[in-house]
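Visitor: I would like to go through the charged side-chain contacts of this model with you, one question at a time.

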Amino acid sequence: MGEDDVPLDDKAKRMRDLLSSFYSPDHPNSTSMSPKATSRFATLDTINTTSFDADQYMNLLVQKSNLEGLLQRHVEMAAEIKNLDTDLQMLVYENYNKFVSATDTIKRMNNNIVGMETNMEQLLEKIMSVQSRSDGVNTSLFEKREHIEKLHRTRNLLRKVQFIYDLPARLAKCIKSEAYADAVKYYTGAMPIFKAYGDSSFQECKRASEEAVAIIIKALQGKVFSDSESIQARAEAVMLLKQLDFPVNNLKVQLFKKLEEFLVDLHLESKEIRHSSSDLGGIPLSPSSCAHEASIREFAEAVRAYRVIFPDSEQQLFRLAKSLATKHFEATQQYIKKQLASADLVGMLRVTWTHVLLMDEVLPEAGLRDFTFEAAHVAIKQYVASRFSHLLLDFSGTLVKVHDNQKGVIEEEYPLQVALEISKNALVQGSMDALLDFRRLLDENLEVLSALTDLIIDWVQEGFQDFFRKLNDQFLVLSGKKYSANQDLIFGEGDKVLPGLVLLLAQLSVFIEQNAITRISEEISSLSGGGSRGHDNGPAFIPAEICRIFQSAGEELLQHYISLKTRKILILLKKRFTTPNWVKHKEPREVHMFIDLLLQELDTILNEVKQILPEGLHRKHRRTDSNGSNTSSRSNPLRDDKLVRSNTQKARSQLLESHLAKLFKQKMEIFTKVEHTQESVVTAIIKLFLKSLQEFVRLQTFNRSGFQQIQLDIHFLKTTLKDTAEDEAAVDFLLDEVIVAAAERCLDPIPLESAILDRLTQAKLAKNSEQSPAS
């Protein structure tokens, strides 16, 4: 029991109240309450208040507690009293140490102050002695000081007179050395004397000086109109002319025309800008960059000077300053169109911002900062759009290479599997490089970029959303599912759709949906800031929507690949069944060459599928796994030994039996959803071509030999396709359906014996095995 039974918060609260009541003064309101009023509201919690009454508390405790409760409360109060005594002792001890420390400090201060008053009195006596001696020295030297100051004033006056007499010679030397600024300074300094005494004492000096100034004015005018002089030199010449009271307003048009010509001739090269921006990091400037920076500074100084010279031309100067910023951003946008690197873009923006700040110091009222932010808004948005445009163009170039390889334009070996990996890497790496460029923009400590951080993130998200939509359209164009005006320009006019490329695009769609979008989303979410669209509009990049688009595209492209391959097989089927006269067909001696062409096409499909698609995880669906009977009910009568009978009528009656058996057979699902696996795609193509084969058979009329040729070909296919298709039961069923359809369209449906079928099939297999090593 004891202190463990008391909650820590209550214990701390009571201790705080006790210490507060101990150190705080008595409250008159609490003590003025009558005992009756106190007893009316008395509770067990009043033990910690200033109005605590021990007798009343004991009476209340006895009324509300039994003996066991009183004993428990006794133990608790004993423990609390012990703890409070300990805490109070510690509190007194700590305060005692502080009082002792304060006392010692006061004693030391008293010891240090002893003797200070005597020292101060001695110091005061010494100061008074020094002051009296100083006054004595000043009194003794007063007359001599007055005489020296008088001589000094006379000397200065003589110097000024000598300067006036030497002024023409000085001006001549300045003209000879082209130090026109010094000449103007000398002349303007002598102007007050010439105005006062120029017509009397210094008449000759004034005349000679004015002749020299006329020469200087002529020389300065020549500088102003000289094309070889820099802008800053012209501005300095105009400033000197104005100091000489020359009417410079007549030169205003020519001077501003020179400034405009400077902007027209200003060429901003990316190399110069890159070198100029590198100097901000401590790298020395190149000579061309130095010249560029010097010309901009000259322009700024000229604007500063013209603002003083021509105070009524501020609007024209504002327009020139904005033209300089516009020139920078026009150059930036031109380089953005040529796929500008992010480091170069940052360098150009840094140089532009440096020049804007330089001009802003000269013309703070021009609003160059706001103008620059607006121009940077347009330029960076263009850069983001251009970056995604080049990303799409680069990835399209990778797909064009695959297309050309499939056509045989490129002779190097470039399998579909390698092409798929290259395309995946090109997409992911290209996206990561683009994000790295955007991250450099966001991480750059530049005011013009920091102000656009949220907008840049929005543009990046919108760019990726638009990029993947355009990429989906590009896939549809390449696969022939959609026509584009640029299609003929990229792939050549009249190019056929290549099934291998369609299969590669289908698997790329799956990769984008399952891998690329997730990785890109993680990188986008790691960008600093959250954009400026807000919660109402939502993010600009919606991964779920892009995943749905490419999931649908993957399924559509896979079906399109199956359709293209099936269409090619249908051409073989059409030639096979429309060329011969089946009513006059000769007795079959071997498997028809059409089967070889068909198997070659299936081998091509298997080769493409194995390079692109993964293997399936499902086991094969064999005949014994299917619902219904173990053998095809429609083909059982044909496999029965009774079909060997020579009576045609009995054979036809057995066909009737097959129709009746079909009514009682459970329905088999043939066409199922195609998965992105090797077995599923190959099986779907085999099912489609077998179903088409059945329909071609139904359109023909066969004699006995023609029927037997079909039977032999199907028997060979059943042998070769049993390990190829995933759904063996459905394939066997369709093969049997072809034989039944041929029997229905046969004039004399008497099949070959099983021994003959096996012998011809084995002969064909042996022949193929002999030809394969030789090839």
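Visitor: Which residues are linked in a network of salt bridges?

Guide: The model is a predicted one, and a search of the whole structure finds 22 salt bridges in it. Some of the residues concerned are joined in a network of such contacts, made up of Lys565, Lys568, Glu601 and Glu608.

Visitor: Where is Lys481, which forms a salt bridge with Glu556?

Guide: The closest N and O atoms of Glu556 and Lys481 are 3.8 Å apart. Glu556 counts as partly exposed at 32% relative accessibility, and Lys481 likewise counts as partly exposed, at 40%. Glu556 belongs to helix α22, whereas Lys481, 75 residues away, lies in the loop between α18 and α19.

Visitor: Is Lys673 buried or exposed?

Guide: The side chain of Lys673 meets that of Glu555 in a salt bridge, at 4.0 Å from N to O. This pair too links distant parts of the chain, 118 residues apart, with Glu555 in helix α22 and Lys673 in the loop between α25 and α26. Glu555 counts as partly exposed at 35% relative accessibility. Because the relative accessible area of Lys673 is 62% and the cut-off is over 50%, Lys673 is exposed.

Technical notes: Residues are numbered from 1 along each chain as its sequence is written. This is a predicted model: local features need pLDDT of at least 70, side-chain atom pairs count only at pLDDT 80 or more; totals for chains, interfaces and linings use all residues. Side-chain values use heavy atoms; hydrogens and water are left out. Helices (H or I, at least four residues) and strands (E, at least two) are DSSP runs, numbered from the N terminus. Buried means under 20% relative accessible area, exposed over 50%, partly exposed in between (1.4 Å probe, protein chains only).
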